[in-house]
Amino acid sequence: MIRRPLSEISHFFGESYLNRLKMFSGVVGYGLDIDDEVKVELNPDRLDLASFHSLERAMNLYYEGRESPLTLTWTDMQLLHVGKDALGLRPFILCFVAEGSSLGEKVQDLIDFQERIHSSIGKDRKKVSIGLHDMDKIHPPLTYVTARQEELSFTTYDGFQGTIREIISGHPKGMLYGVLIGSSDLAPVILDSEGSVLSVPPIVNGNHSLVDPGTSKLFVDITGTDFRALRDSFYLLAGELSSYGFTIAVPYLDIPRSRKRHLMAFHNRSVRVSRREIKEVLGREAVSADPVPALARMGLSAIPEGGGFIVTVPGNRIDIMGAVDIIEDYAKSSGFDAIPELEPQIATAGEVLASTRKAETLRGLGIGMGFQEIMTFVVTSSKHYNNREYSGGVSIINPKSVDNSVIRDRLYLNTLEFFSNNKNRGYPQRVFEIGKVVVNTEEEPRLCFGLTGSRASINDARKYAEYVLSRVSRTSISYQPATSGDFIDGRYVLVSLGSVEAGFMGEVHPSVLQEFDLQMPVAFVEFRVDKLMQHTP
Amino acid sequence: MTELSKSSFPLILYIIIMHQETMDLSNNELAVLSFLSGKHEYVEEDQVIPPGMERREASNAISWLEAKNLIDVVRTEEVSYGLSQEGIRYLEEGLPEKRIYDAVEKYSEIDLRELERFLPASDVRIGLAQLAKFGLRPSGGKIAFKTIPQFQDEVLRRQSFLESVSSGSYSVLEGGLLEHFKRRGGLLVERKRTRRKMRINASGIAALKESRGGSRIETLTPEIIASGAWRESVFRAFDLSAPAEKFNGGYYHPMSILIKMVKDIFTNMGFTEMPGHYIETAGWNMDALFIPQDHPAREMQDTFYLNSSRDTRMELPEIIDLSRKVHEKGVGRYPGWGYRFDENESRKLLLRTHTTVSTVRYLYEHRNAPQAVFSVEKVFRHESTDWKHLAELHQIEGAYYGKNANLSTLKSLMRRFYSALGFKDIRFIPSYYPYTEPSMDAVAVVNGKEVELGGSGVFRPEVTRPIGLRKPVIAWGMGLERVAMLFFGLSDIRHLYRSDLEWLKGYQIKG
């Protein structure tokens, strides 16, 4: 999310900016909230628009055709010498120089943009970190080398003075990011020709080259562990600075030729889109508007060729991977409202699953017997299993809270909790739930009837159980007394249909009633739906 | 309780009262009227004893007769007193002044701090204040014994007053003791009681005259039917004024109603329900949908990950190699993510975060187009629950795979679906999902406010091509509980699953 006080936005961009921002949200698709503050919630793929300046540039183009393309000049300028040992610690580095009129208030936008890259594609500086420096305060040529952590001492951007080791143990950024350079005694540093420290990537920048509102010429270093993330950051930053009216010059980069080729080829790369693909994605009748001007309004220049177009994509459109991404921009540019709605004429006959039909039958029986249907959470409380064996066979590695930490292996415990939450309601209470449980890592649908009241008993439960059984199965019912810690001895039985165990019923033990703070007797029937209805098609 | 049932309650009462004017009298009411017709003055309520009637029945009948304006009633208010919990304790343990006096008498002199051994600190304070009025005061942090002749008598009087209050037989005239205890505060409870006296009025006499003649049948029994006694009797009219017994019935859970509604809409549109399960592998839930392995949604703070006690074989494990290829190298002219794919990530077990996983696997297993499928199933989010968030919720998922699956047909299907659910003024806006391009959200106007319904899109080629789908796939989804909040007027989404039984038995059924 990008945000700025309303007063700043109106002051800086003028009143019409806000109106456009509202309209443009319908084009690009972002959330907009304007009160004392202007907040824009962008979709995470459009980092190229993640500042009010880059949005302004995009809107100028879309509404007025005012172009300000991202132009990079590749030079032979020998600005930065890269040492092999530094690459051993942090294997990739890219840099560029940006020049324009002094940053002024935009210095905050730039720092926000930098932090946004750190936290998104930078993976909290692990993959990428960025240093911004005032070019007029430093003395080129620069070097990317290593330094001994306990030897090199300097002042950080915020005035902390000490060796790199002291910064790692005492400065907040050092404590956060020190781990990223590993256990080495060395640290990568960028120094100028007089030995001033520009930055210790990915930890902290020096005070010497600090960027301020007066800065008009910037040196930007981008270091990291993932070349693709570096490349994306490189173009995003260049794009952001070019939206401030800065020109971008790239000095000689001391990186392998193949990698450099990839870096340079990513800018203004061509993507081929055929008319057939556009029709396939948007629909046959959607392609009436000419894609060329529509794409131009989105900053994509398209040239008709053969049965389609060759589209040139600027380097900071890192979201564009192929034809479908271009097609979406075309649809956005024309507006989703302009896309006609066509019936797909689906000729297949729809049907529900057998499990849906079975559950529906059982719901009907439950309601017919006067039971209220309830639904409870699948991920239930671990408290239920403090004194109980858990038979699910799966455990949640990262539970969020005690109340939601175990996948239920039976239904009646949740029903007991339901009774407990409703003990100040009228009695008798009769409820049922149909839902899945996990037993020995397998999921199975269950049906649970619960009854409570001064006269609730296993006899009562049996009456309902036999009614349900008689309506869904013709197989003979047999009972087998069993024991369970949750039920009174002699009042807990397994219910079988023929030779198949279909469930159990029982009268809850008073100690369990106490556990759930209940004063009334409770009885349950719990069936395995697939066994109960094994002959139902 | 919903707003509607609150507001409809007074309406029902009003109808009953209007009806009352034309109704005849119950046997009890007749008996009371006839009893009163024999008196010429006002009669106190407890003197109204028609033969064979209980006190409470008579009292009820009097109320109804008054409401029907057949008797004149005069009310007087009477105040009586009882003991509070504290008063009862005084009665049982003794008055604090008495307890201190006794203790001091026994030990001749007691340090004030020691007194708390005999009675609670709050009682000590009260007891000392009372004793001071008899001239027994502490000095130098100690209290020494002194005989106070009138004290014992007074304490006795106070105790017997409390006893008489307790038994309800006290007399207000007892030497200002009532005032004394009222001043002490917290010992007495004041009860107000209204006494009624009544006499029959002219309309009562008329009603009585009119109703004379023969007994009335209250309950029709098999014997009355058989004997033919009903030929000679009058049936007492059904008394609408008496409240009906509350029916203890049951019905669907509100989510069941909605789920069924959604399933009906889908099957009517020609869609087939697909199966699915809670426990999934990251390979199917994430990798197959081209969600990069370092995507934030895959982190521990967004997804529930599981350990399994059984080493279960991965379902359709070929998805690992299919995903590896597209994540690392892309497909066709799409470059992929270009990172090194980690198959251990794919094997991780999790609680499914969406039902799109069911769609992708179903289509992988049913590659012949067209396919129109749906599901309404639970999905899980690693979220704290609050009034509008749940860690598990039902997701609606609809998908169509076919030659003509595109943004135009997607818009048309979604409009049809959401209109059938009752949403109006549906609009489509651009959106973003990692596995669809283009991506689109539907919004509708509900109660004058724009509400986001759900997401949708055309599956990316990186999703469809690796699993062998030659035609496009369109899909849309939405959380159902949010719809339930709108449908059933819920202010807290958790009430669906931690429910009040009264609400479950009382919510307004729609559709």
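Predicted model: local features only at pLDDT ≥ 70, side-chain atom pairs only at ≥ 80, totals over all residues.

At its start, a side-chain oxygen of Asp226(A) comes to within 3.0 Å of the backbone nitrogen of Arg228(A). After the helix comes Gly245(A), with a positive phi near 90°. As for cover, 16 of the 17 residues of helix 8 are buried, and the helix is thus mostly covered. Buried here means under 20% relative accessible area.

Among the buried residues are Pro254(B), Met255(B), Ile259(B), Val262(B), Lys263(B) and Phe266(B). In general, an α-helix has 3.6 residues a turn, so residues three or four places apart point the same way. Just after helix 11 of chain B, Gly270(B) has a positive phi of about 90°.

Leu220(B), Ile225(B), Trp230(B) and Phe235(B) together form a nonpolar patch with about 380 Å² of accessible area. One of these residues, Phe235(B), belongs to strand 7 of chain B, residues 234-235. Phe235(B) has a relative accessibility of 40% and therefore counts as partly exposed.

Several loop residues of chain A deserve attention for their side chains. Arg90(A) sits in the loop between helix 4 (84-89) and strand 6 (92-99) of chain A. Arg90(A) is buried but has no salt bridge, and Asp221(A), the nearest side chain of opposite charge, is 7.4 Å away. The side chain of Arg90(A) does have a polar contact of 3.0 Å with that of Thr223(A). Asp48(A) is placed in the loop between strand 3 (37-41) and helix 3 (52-64) of chain A. With a relative accessible area of 8%, Asp48(A) is buried, and its side chain makes a polar contact of 2.9 Å with the side chain of Arg46(A).

The backbone has some features to record as well. Most residues other than glycine have a negative phi, and most peptide bonds are trans. Against that background, Pro201(A) and Pro202(A) are joined by a cis peptide bond with omega about 0°. Pro202(A) is in the loop between strand 12 (197-200) and strand 13 (204-205) of chain A. In chain B, a cis peptide bond joins Ala369(B) and Pro370(B), with omega about -5°. Pro370(B) is in the loop between helix 15 (356-365) and strand 12 (371-380) of chain B.

Positive phi values also occur in chain A at Asn440(A), near 50°, and at Thr441(A), near 70°; neither residue is glycine. Asn440(A) is in the loop between strand 23 (429-439) and strand 24 (442-452) of chain A, and Thr441(A) lies in the loop between strand 23 and strand 24 of chain A. Their cover can be stated in turn: Asn440(A) is partly exposed at 35% relative accessible area, whereas Thr441(A) is buried at 12%.

Two distances give a sense of the reach of chain A. Leu365(A), in helix 13 (residues 354-368) of chain A, is buried with a relative accessible area of 12%. The C-alpha atoms of Leu365(A) and Gly299(A) are separated by 62 Å, and the two residues are 66 residues apart along the chain. Gln149(A), in the loop between strand 8 (142-148) and strand 9 (153-155) of chain A, counts as buried at 5% relative accessibility. From C-alpha to C-alpha, Gln149(A) and Thr483(A) are 68 Å apart in space, and they are 334 residues apart in sequence.

How values were computed:
Residues numbered from 1 in each chain as written. Chains lettered and ligands numbered in written order. Heavy atoms only, no water. Buried < 20%, exposed > 50% of the residue type's maximum accessible area, 1.4 Å probe, protein only. Helix = DSSP H or I, 4+ residues; strand = E, 2+ residues; numbered from the N terminus. Polar contact = N/O pair within 3.5 Å; in protein donor to acceptor, adjacent residues only side chain to side chain. Patch = residues over 30% accessible without salt bridge, like charges linked within 9 Å, V, L, I, M, F, W, Y side chains within 5 Å. Areas by Shrake-Rupley, 256 points an atom, 1.4 Å probe, with all protein chains shown as cover. Salt bridge = Lys/Arg side-chain N within 4 Å of Asp/Glu carboxyl O. Lys, Arg positive; Asp, Glu negative; His and termini not counted.
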